[in-house]
Amino acid sequence: MEDDIWIATATAELDPLGSNTGAYNPYFNLITDPDEGNSAMMPYPSFSDLRHLGMTYSIDGISVPRDYFISTVEAHFHGSLGLALLEMSARASRPRLLESRVYYPSGQLEGKYAPADVRLAVAMAFEYHGTLERDWLVTDNWSAALNILGGTLPIIDPQSTGFKDWQQTAIADALKEAKALSDPTKGDNQRKCNEALNKLTNGKISSLNSLVSQYIASGAGQNISDGRKVSAGSYGTDSPTVPAFVLGVGTSNATTYINSKFFNFTGFGAAQARALVLLHEAVHQFGGLRDVDFDPRANKEQDIGSRNITNALIDNCAPALRQTLRGLHL
Amino acid sequence: MNNRRSNSGRTLNRTQLAKVLIVFFVAMNFCVPVCGQAIGNKQLSSLHLPTALRDRLIERFNLFIECERTQSYDKQFDLLAKTHLAKLLHMNVTKENYVKFKEESEVAVGKLIKLRIKKIKRTSDSLESLSFSVIAKLQKGNSTYLDKPIFVAYLLEGDWYFSLMYIN
């Protein structure tokens, strides 16, 4: 059993040698946000806020929209003062490096480095021409804030925590969108999308709609993971370049896993981007084909095959998403 | 004359040595097709495993991979980390189900030719679970390709159990 971890973090910057250049704003205020109401025009949950630049929100290590974070905190503190104190604490406390991660140019994780090894992480990122990510914890102990307000941390077994309600809604919406995008009865564009991989597979994947329609997001026969964390190496829950992946391809036990990146698409086209991710994974899950099957070259590579699938989906289903899906591994 | 004979003899010896080396390397390739799978001391040294556990890990790892390579899935089942597989794929892991799962998987994935270990690290502070960073060379149809599957080892009741899973 472990405590549920809520973290409001502010980002900070390092110089090339790993020294903290400091980026936090010491000036904070307790002005609460205007009531946004529950109108149908309310924007899709965002993971940051222009009024709170540099501030991100996570619960149990999963990025959550600010709205969700606020509602969860308010439910525990019976008011908006709890959030204000948490954010104040996040801004005012000294940034602490938690971990550095180096990714190859392909997006796959090279390794994780402890705070003491930050110089090694920088060197590895240079060597591989990769990407260096650093996790900063700005507020590492705000239990004082909880005590002041008389709140208690809910105790939840991490193994039993699945997707939150808003995540389940996002998956259901993405499935609906994926089916609509590829529904051949809806028009020429949808027919084109439905047959996006027909030529590439010599007819093996003649209908994407029939594949994605087999997804069951919850209940009996569920074939999308319920959001419990699993150990999946560099493809795991928090991979920044892998929105989803499939285990057990070609078997009746195949399961699609949804990562936090899937929920991080924001703004215009977010729902379509998620839909395209599901269309891609449906090819593995129900079509029984691996990424490598889509690389026609003699020396096949998973990455090339994966990109070929994604490009075909973008070209035929949603050309506007090319930039949104660039650099991702589906 | 003596010098010339001597030089000639030395040249002959070098040629013979080269031939012996070529034969040796060819024999190595044919006789030990999965030699790349061996765990090196360097990879294990950072884990600080007791000698008995380390030896047992090497022995059972080699057996697990050999079963994978020869498609002896019923034999491999005895070395399988069943809970890991059950958790990832929500399946009831019986020997019959496992063999069926592996046979289905083989059609999609291909056959393992070679497995190279890059790194082994603990996934917790205890000795109980290890994560292997591996590169698998697989044959599917007429072509071969490289893949990076999930490979984990668990220490359960004093012995090692493994799970190998391909990701897309």
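The mean pLDDT of chain A is 72, and 57% of its residues score at least 70. Among the elements of chain A, helix α7 (residues 208-212) has the highest mean pLDDT, 97. Strand β8 (residues 155-156) of chain A has the lowest, 28. Residues 1-48 of chain A have pLDDT below 50, and the model gives this stretch 109 contacts beyond near neighbours in sequence. Residues 138-160 of chain A also stay under 50. Where pLDDT is low, predicted coordinates should not be read in detail.

Chain A contains eleven helices and ten strands. Of its 330 residues, 46% count as buried. Among contacts in chain A with a separation of 6 or more, 63% join residues 24 or more positions apart.

One disulfide is counted over all chains. A:Cys193 and A:Cys317 form this bond, with their sulfur atoms 2.0 Å apart. A:Cys193 lies in helix α6 (residues 188-194) of chain A and A:Cys317 in helix α10 (residues 302-317) of chain A. The pair links distant parts of the chain, 124 residues apart. The torsion about the S-S bond is about 90°, so the disulfide is right-handed. A:Cys193 has 0% relative accessibility and therefore counts as buried. A:Cys317 is buried as well, because its relative accessible area of 12% falls under the 20% cut-off.

The whole structure holds 14 aromatic pairs over all chains. In one of them, the rings of B:Phe64 and B:Phe162 are tilted, 5.5 Å centre to centre with 45° between the planes. B:Phe64 belongs to helix α3 (residues 51-69) of chain B and B:Phe162 to strand β5 (residues 159-165) of chain B, so the pair ties together parts 98 residues apart in sequence. Both B:Phe64 and B:Phe162 are buried. B:Phe162 also pairs with B:Phe151; the ring centres are 5.8 Å apart and the planes at 40°, so this pair is tilted. B:Phe151 sits in strand β4 (residues 150-156) of chain B, eleven residues from B:Phe162. B:Phe151 and B:Phe162 are both buried. Ring pairs join B:Phe61, B:Phe64, B:Phe132, B:Phe151 and B:Phe162 into a cluster.

Charged side chains also lie over ring faces. A:Lys261 is over the face of A:Phe265, 5.5 Å from the ring centre. B:Arg60 is over the face of B:Tyr161, at 4.8 Å from the ring centre.

How values were computed:
Residues are numbered from 1 along each chain as its sequence is written. Chains are lettered from A and ligands numbered from 1 in the order in which they are written. This is a predicted model: local features need pLDDT of at least 70, side-chain atom pairs count only at pLDDT 80 or more; totals for chains, interfaces and linings use all residues. Side-chain values use heavy atoms; hydrogens and water are left out. pLDDT is the predictor's confidence in each residue, from 0 to 100. Helices (H or I, at least four residues) and strands (E, at least two) are DSSP runs, numbered from the N terminus. Contact means heavy atoms within 4.5 Å. A disulfide is a pair of cysteine sulfur atoms within 2.5 Å. Buried means under 20% relative accessible area, exposed over 50%, partly exposed in between (1.4 Å probe, protein chains only). Rings of Phe, Tyr and Trp (its six-membered ring) pair if their centres lie within 6.5 Å; planes under 30 degrees apart count as stacked, over 60 as edge-to-face and the rest as tilted. A charge sits over a ring if NZ of Lys or CZ of Arg is within 6 Å of the ring centre and within 35 degrees of the ring normal.
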